[in-house]
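Take a moment with the sequence and the 3D view. Then follow the text one residue at a time.

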Amino acid sequence: MRVAILGVGRLGAFHAKVLSELAGVDELRVYDADSGRARDVAGPLRARAVPTVDEALSGADAAAIVTPTDTHAPLIRRCLDAGTPTFCEKPIAIGIPETRDIVAHVERAKGRLQIGFQRRFDAGYGRARAAIQAGALGH
């Protein structure tokens, strides 16, 4: 499988490492607006740093979007229009109208989109939620 990862800041670099260790990933293409950062992350992972989003997505079997929030919606739309299954870190978009538009676009494109939102699995978050529900920690 050929995977494109767009954005390799702290979290994107973590995703790149995880993807590089998956047996099914034969090629990992790393793009970042900071080309030096893309090269630095790609090197130890035996991934390929690419200079453009176009090159990262060309022929990709899947994409991971870990870029600034204001780029999420256009990149999601682009991936869906190409028929590329996509993972995107939260949030989908800056505002509710654009978020709703992307949700509708997923349905129209019959695409595959997963949004990363792990807090419901975070043990500390779970304890805080339980404490709030029990009335032990505010309202």
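Find H15 and look at what surrounds it. Which residues does H15 touch, leaving aside its neighbours within four places in sequence? H15 is in contact with I5, V66, F87 and E89. Keep in mind that this is a predicted model. H15 itself sits in helix α1, which covers residues 10-20. Is H15 buried or exposed? Its relative accessible area is 16%. Buried means under 20%, so H15 counts as buried.

Now move to strand β5, residues 86-89. This strand has a partner, strand β6, made of residues 113-116. In which sense do the two strands pair? They pair in the parallel sense, over four bridges. Helix α5 spans residues 96-109. Together, β5, α5 and β6 make a β-α-β unit. The unit is right-handed.

Next, turn to the charged side chains. How many salt bridges does a search of the whole structure find? The search finds seven.

Start with K17 and E21. Their side chains meet in a salt bridge, with 2.4 Å from N to O. K17 has 41% relative accessibility, so this residue counts as partly exposed. E21 reaches a relative accessible area of 53%. Exposed means over 50%, so E21 is exposed.

Go on to E27 and R29. These side chains also meet in a salt bridge, at 2.9 Å from N to O. Which is buried and which is partly exposed? R29 is buried, with a relative accessible area of 6%. E27 is partly exposed, with a value of 24%.

R48 is partly exposed, at 35% relative accessibility. E55 is partly exposed as well, with a relative accessible area of 32%.

Now step back from the single pairs. Which residues are linked in a network of salt bridges? The network links E27, R29, R48 and E55. Trace it in the 3D view. One of its members, R29, is buried. Another member, E55, is partly exposed.

Definitions and conventions: Residues numbered from 1 in each chain as written. Predicted model: local features only at pLDDT ≥ 70, side-chain atom pairs only at ≥ 80, totals over all residues. Heavy atoms only, no water. Salt bridge = Lys/Arg side-chain N within 4 Å of Asp/Glu carboxyl O. Buried < 20%, exposed > 50% of the residue type's maximum accessible area, 1.4 Å probe, protein only. Pairing = 2+ DSSP bridges. Right-handed = clockwise from strand over helix to strand, strands pointing away. Contact = heavy atoms within 4.5 Å.
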